[in-house]
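Reader: Hi! Could you walk me through this one, starting with the ground rules?

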Amino acid sequence: YLSIYLSTNHSQGLDEILAKHIAHLWIRDPLVIYKSRVELDDTKDVDHFENIQSTNWQSVRFKPPPNPDIGWRVEFRTMEV
């Protein structure tokens, strides 16, 4: 990851482990976004975050709250033999 992404995450209040995880998401290929979905209100729409997560699929994925009554979720997709 690049240190600028890590320091940005720290300045937004993320702890060290989560800050590093999010910083690692930005080392991949450029994102593909539909023209109509570029300008979104990120406080109401999670498409940008979900796009980043889906391009960096590993065994753990953070799921943003779908509404104020449900908190963040963690999805595990480990390989099975």
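Author: Happy to. Helices (H or I, at least four residues) and strands (E, at least two) are DSSP runs, numbered from the N terminus. Read along the sequence, the chain then follows the pattern α-α-α-β-β. This is a predicted model, where local features need pLDDT of at least 70, side-chain atom pairs count only at pLDDT 80 or more, and totals for chains, interfaces and linings use all residues. Residues are numbered from 1 along each chain as its sequence is written, and side-chain values use heavy atoms, with hydrogens and water left out.

Reader: Thanks! How many helices and strands are there in the chain?

Author: The chain has 3 helices and 2 strands. Its C-alpha trace spans about 40 × 30 × 30 Å along the principal axes.

Reader: And what share of the residues counts as buried?

Author: 17% of the 81 residues. Buried means under 20% relative accessible area, exposed over 50%, and partly exposed in between (1.4 Å probe, protein chains only).

Reader: Which residues are buried in H2?

Author: Ala-19, Ile-22, Ala-23 and Leu-25 are buried there. Seen down the axis of H2, the buried residues fall within an arc of 150 degrees, so they line one face of the helix. The arc is that of the directions from the helix axis to the C-beta atoms.

Reader: What does Asn-9 touch?

Author: Leaving out residues up to four places away in sequence, Asn-9 touches Leu-14, Ala-19, Ile-22 and Ala-23, where contact means heavy atoms within 4.5 Å. Asn-9 sits in helix H1 (residues 3-11) and counts as buried because its relative accessibility is 11%.

Reader: Where does the polar end of the Asn-9 side chain go?

Author: A polar atom of that side chain lies 2.9 Å from the backbone oxygen of Ala-19. A polar contact is a pair of N or O atoms within 3.5 Å; within protein, one must be able to donate a hydrogen and the other to accept it, and residues adjacent in sequence count only if both atoms are side-chain atoms.

Reader: Nice. What caps the N-terminal end of H2?

Author: Asp-15 does, with a side-chain oxygen 3.3 Å from the backbone nitrogen of Ile-17.

Reader: Switching to charges: how many salt bridges does the count come to?

Author: The count comes to 4, a salt bridge being a side-chain nitrogen of Lys or Arg within 4 Å of a carboxyl oxygen of Asp or Glu. One of them pairs Glu-16 with Lys-20, the closest N and O atoms being 3.6 Å apart.

Reader: Why are Glu-16 and Lys-20 separated by about one helical turn?

Author: Because they are 4 residues apart in helix H2. In general, an α-helix has 3.6 residues a turn, so residues three or four places apart point the same way. Glu-16 is partly exposed at 38% relative accessibility, and Lys-20 is partly exposed at 33%.

Reader: Which side chain meets Asp-47 in a salt bridge?

Author: That of Arg-37, at 2.4 Å, N to O. Arg-37 lies in the loop between H2 and H3 and Asp-47 in helix H3, so the pair ties together parts that are 10 residues apart in sequence. Salt bridges that share partners join Arg-37, Asp-45 and Asp-47 into one network. The salt bridge of Asp-45 with Arg-37 is at 2.7 Å, N to O.

Reader: Last one: where is Ile-33, and is it buried or partly exposed?

Author: Ile-33 is in the loop between helix H2 (16-25) and helix H3 (47-55), and counts as partly exposed because its relative accessibility is 35%.
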